[in-house]
Amino acid sequence: MQYLISVIHDEAALASPEEDAAIDVFNERLQAEGNWVFAGGLAFPEAATVIDNRGGRGLITDGPFLESKEYLAGFWVIEAPDLDVALKLAADGSKACNRKVEVRPFQ
């Protein structure tokens, strides 16, 4: 089963060199153990553009869809046999990036 691990951040600073190194080690481990699907870091929320085309309105707005102190800083998509394994990997990812994470299964 695949899971999304969302990295939640609440500061304007990027990862430190030490955090980047720990993330690289974690990513290598995910790949070596067959859990890796995809991962990426995201630009700051100010770089976002929201498009709402419900009902053909075609409304385009600069900035995040939600003003909040916390924001999505990056993510991993992993393959895990069950939620327990996904949660363990997410805990290791949280430690590596020094951020809170949220785990959600894909439907």
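Me: How much space lies in the second largest pocket?
Reply: In this predicted model, about 410 Å³ of space lies in the second largest pocket. Of the 22 residues that line this pocket, the closest to its centre are Ala 15, Ile 23, Gly 41, Ala 73 and Gly 74.

Me: What makes a residue such as Ala 73 count as lining the second largest pocket?
Reply: A lining residue must have an atom within 4 Å of a point of the pocket, and Ala 73 is one of the 22 residues that line the second largest pocket, so an atom of Ala 73 lies within 4 Å of such a point.

Me: Which strand or helix gives the most to the lining of the second largest pocket?
Reply: Strand S5 (71-79) gives the most, with 5 residues, while S1, helix H1 (17-32) and strand S2 (36-41) each supply at least two.

Me: Why is helix H1 called roughly antiparallel to H2?
Reply: H1 and helix H2 (residues 83-97) pack at an angle of about 155°, and angles over 145 degrees count as roughly antiparallel, so H1 is roughly antiparallel to H2. Their axes are 7 Å apart.

Me: How do you know that H1 and H2 are in contact?
Reply: Contact means heavy atoms within 4.5 Å, and residues of H1, including Ala 22, Ile 23 and Phe 26, meet residues of H2, among them Leu 89, Gly 93 and Ala 96. The residues of this contact divide into 7 nonpolar, 1 polar and 3 charged.

Definitions and conventions. Residues numbered from 1 in each chain as written. Predicted model: local features only at pLDDT ≥ 70, side-chain atom pairs only at ≥ 80, totals over all residues. Heavy atoms only, no water. Helix = DSSP H or I, 4+ residues; strand = E, 2+ residues; numbered from the N terminus. 1 Å grid on protein atoms, 1.4 Å probe; cavity = no way out; pocket = protein on both sides within 12 Å on 5 of 7 lines; lining within 4 Å. Points joined across faces, edges and corners; volume = space filled by probe spheres on them. Axes fitted to C-alpha atoms, helices over the stretch in contact; angles between N-to-C directions. Parallel < 35°, antiparallel > 145°, perpendicular 65-115°, else oblique. Nonpolar A, V, L, I, M, F, W, Y, C, P; charged D, E, K, R; others polar.
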